[in-house]
Amino acid sequence: MGKIKEKDAENYGKEQRSPKLCGTNYPVSIAFIVVNEFCERFSYYGMKAVLTLYFMRYLGWDKNLSTAVYHAFSGLCYFTPLLGALIADSWLGKFRTIIYLSIVYVIGHVVKSVGAIPDVGDSTIHIVLSVLGLVLIAFGTGGIKPCVAAFGGDQFDEENTDERRKFFSIFYMSINAGSVLSTIVTPILRGDVKCFGGDCYALAFGVPAILMVIALVVFISGSGLYKKSPPEGNILVRVCKCIGFAIRNRWRNSKNSPKQSHWLDWAEEKYPKRLIQEIKMVFRVLVLYIPLPMFWALFDQQGSRWTLQATRMNMNFGGGFILKPDQMQMLNALLILVFIPIFDMGIYPLVGLCRIKLTPLRKMAIGMILAALAFCAATVVEINVIKTVVEPPPAKESLIQVFNLMDSDVRVQFPGHTVFSEPLTQYEDPSGYTSLPLTGQSQLQTVTVSHNGTEHQCELRFTERAAYSLFLHRPVQPGGSVCKLVEDHITKSENGDAYLRFINTHTENINITVGEEEFYATANYGISHNISVLRGEYNRVVCLTDSSKYEIDLGLLDFGAFYTVILTQKSNDLTLTKMEDVQANNINIAWQIPQYVFLTAGEVMFSITGLEFSYSQAPASMKSVLQAGWLMTVAFGNVIVLIVAEGAGMEQWVEFLLFAGLLVAVSIIFSIMAYFYTYVDPDQLDKIFREDTDDEKVKSLNGMKNEAVSMADMPKQTKM
């Protein structure tokens with residue numbers, strides 16, 4: 001270990017020049033860095049794309065807990081860059097920090113993948129491994145985040161500024177390319193590849209782990225070509241110490257000393273005036289950062305609430321192309337690549353021709369409004385999506401639907417209620433569930449069924465907050481019951497699967513095979529279990545009785561629908577009547593495109609402009625401080641979602657509308673703050689302090705001249 005440090009010290013002491021790419025001014029070393037970034041971003045976004053569904057479907061968490069943990073992880077990924085910058089600048093340097101934290105990153109991926117293997121321990125072990133893996137990943141990805149881009153910039157000579165700027169464009173492209181590809185591939189690995197009897201989350205997490213290993217190997221491979229700068233001390237630490245000293249000094253001397261024009265001026269006893277002035281400039285920008293977390297609170301819900309919304313939509317794009325709900329996130333990265341040139345070369349110049357001055361802060365405010373519009377669009381989609389959802393009944397209520405399997409119309413009467421006032425037609429598809437009031441948590445009711453002039457009494461027990469199907473059929477035996485009450489499952493599949501059950505009016509038992517699922521219904525009105533099946537066309541479904549084999553055509557079993565299929569024997573054939581108990585997801589997933597368009601346009605105007613504004617308003621030495629502040633706004637935005645998801649307990653469309661309203665309010669506050677902000681030129685600070693330094697030199701020279709003159713005028717002393 002000591003030899004490694006000595007060797008690194010030697011490398012730091014030498015100015016290493018990397019070979020150039022094909023006669024250009026681009027160092028060969030940046031190729032390794034760009035490939036490393038592509039693989040790392042594939043690794044991160046690929047894992048994150050399936051994370052929310054993993055929490056719900058594999059770990060069994062509810063929507064709110066899944067959302068909260070998702071955003072807690074996202075927030076941690078943006079808190080840890082402070083630690084990475086501190087380690088790189090104060091201790092290890094960028095090169096070794098990237099390597100060591102990438103190893104932590106890989107370990108996190110491996111632990112996460114192992115936790116997704118059902119055969120490894122019980123559910124508690126899976127949760128522990130998943131959380132531990134996510135924490136390690138957060139420290140890995142966050143720790144290297146501030147290092148990789150800066151390390152790439154270090155590879156260029158000072159005179160190659162144009163090449164350095166183009167490198168950052170290529171670097172940004174590699175990030176988005178990795179994001180687009182991974183959010184397409186990993187959901188396919190999750191859903192289309194089956195392992196351990198279900199969705200293959202172990203593979204969906206394992207492939208990103210392999211990509212992170214490749215990223216690490218590629219980065220180490222270029223070790224001999226890199227220009228490595230030694231740690232120079234972390235400016236953020238120095239800024240914090242200066243602020244701390246100013247606060248303490250002000251507290252100690254507030255009564256005895258004259259007031260300062262600014263509270264930071266109390267640090268002048270120990271710290272240079274230039275540093276204090278630079279911190280003041282940074283503070284003016286950081287104050288503008290205060291409202292910004294609300295934008296990120298909306299932006300980062302693409303991977304949580306919007307993905308969950310997509311699970312309740314029709315994912316058929318036509319032409320046999322079925323999109324997975326967690327693949328929609330790739331639209332953001334794809335649209336970013338399209339929108340950046342459109343805005344830079346089209347929209348902004350056109351606005352300029354209209355003599356409208358779009359300052360950076362105005363662009364950011366417009367970006368907030370666009371993000372709010374995205375959530376208004378998401379609200380409209382959500383309101384239409386929930387129309388196909390059967391909500392569980394409240395306390396002291398049940399839901400009931402009645403199937404008439406008799407040979408003619410029947411009337412049903414519930415004591416004290418007129419829920420079914422009209423006669424029910426034979427084999428009529430119920431129009432939906434009807435609310436049935438109860439006197440308590442559970443109630444026994446005597447239901448009267450009138451058929452062909454004969455009344456039948458059925459004693460039925462209903463429980464609150466439950467849904468039921470009541471099947472009316474001819475008595476199997478003389479004097480037998482004509483009622484069969486079944487409690488229904490009404491919660492839609494998060495996979496978009498359809499639910500299916502069979503009613504067997506045949507006199508023999510029936511086995512039915514639908515895809516890979518097996519159904520069994522006993523003779524004389526036996527009811528099979530309600531089982532989920534993949535969405536699709538089922539045209540040749542095999543039905544086996546004790547004596548015969550039949551084929552039936554179920555047709556399309558659509559996304560999220562619940563079907564009851566009644567099997568009846570007619571003239572030596574088996575016929576079916578298909579009824580839709582719960583409506584299919586009829587809102588196409590393409591309706592999410594407008595909200596992604598609004599949000600991505602908002603990101604272009606808000607995020608990219610915000611970074612440019614921050615860098616233009618800060619001295620060169622303070623850019624890393626502002627970068628840390630910017631990342632903190634993302635972290636706190638995720639904290640906001642975490643709090644709302646766990647504490648609000650409101651309907652989803654109301655929550656979307658709340659976020660939109662909050663962001664509009666925040667954008668108004670931000671606009672007021674921006675109105676009173678005065679743009680500055682950090683280069684003027686160099687000019688001022690250069691002039692001050694020159695004045696001090698002149699004063700010093702004049703003082704030396706005056707001292708020489710006065711010494712010349714002194715009387716000479718006589719030697720003793």
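Two residues are in contact here when they have heavy atoms within 4.5 Å of each other. By that rule, and leaving aside its neighbours within four places in sequence, Val514 is in contact with Leu500, Phe502, Phe519, Val533, Tyr538, Val541, Leu554 and Leu557. The model is a predicted one, where local features need pLDDT of at least 70, side-chain atom pairs count only at pLDDT 80 or more, and totals for chains, interfaces and linings use all residues. Residues are numbered from 1 along each chain as its sequence is written, and side-chain values use heavy atoms, with hydrogens and water left out.

Val514 sits in strand β11 (residues 510-514); strands (E, at least two residues) and helices (H or I, at least four) are DSSP runs, numbered from the N terminus. With a relative accessibility of 1%, Val514 counts as buried. Buried means under 20% relative accessible area, exposed means over 50%, and partly exposed is in between (1.4 Å probe, protein chains only).

Now for the whole chain. The protein chain has 18 helices and 20 strands, and 49% of its 720 residues count as buried. Its radius of gyration is 35 Å, while a compact globule of 720 residues would have one near 27 Å; the radius is taken over C-alpha atoms, and the globule rule is 2.2 Å times the number of residues to the power 0.38. Along the principal axes, the C-alpha atoms fill a box of roughly 150 × 55 × 55 Å. Of the contacts with a separation of 6 or more, 71% are between residues 24 or more positions apart.

Next come the salt bridges, each a side-chain nitrogen of Lys or Arg within 4 Å of a carboxyl oxygen of Asp or Glu. A search of the whole structure turns up 16 of them. In one, Glu40 pairs with Arg41, with the closest N and O atoms 2.7 Å apart; Glu40 and Arg41 are both buried. Another joins the side chains of Asp192 and Lys324, at 2.7 Å from N to O. Asp192 lies in the loop between α7 (161-191) and β1 (194-195) and Lys324 in the loop between α12 (305-310) and α13 (330-353), so this pair ties together parts that are 132 residues apart in sequence. Asp192 is exposed, with a relative accessible area of 51%, whereas Lys324 is buried at 14%.

Asp581 and Arg501 also meet through their side chains in a salt bridge, at 3.4 Å from N to O. Here the partners come from two strands, Asp581 from β20 (residues 573-582) and Arg501 from β10 (residues 498-504), so the pair ties together parts that are 80 residues apart in sequence. Asp581 is buried, with a relative accessible area of 8%, and Arg501 is buried too, at 3%. Elsewhere, salt bridges link Arg57, Arg190, Lys194, Asp199 and Asp326 in a network.

Finally, there is helix α3 (residues 51-58), where 6 of the 8 residues are buried, so the helix is largely enclosed by the rest of the structure. The buried residues of α3 are Leu51, Thr52, Leu53, Tyr54, Phe55 and Met56. Just after α3, Gly60 takes a positive phi of about 80 degrees.
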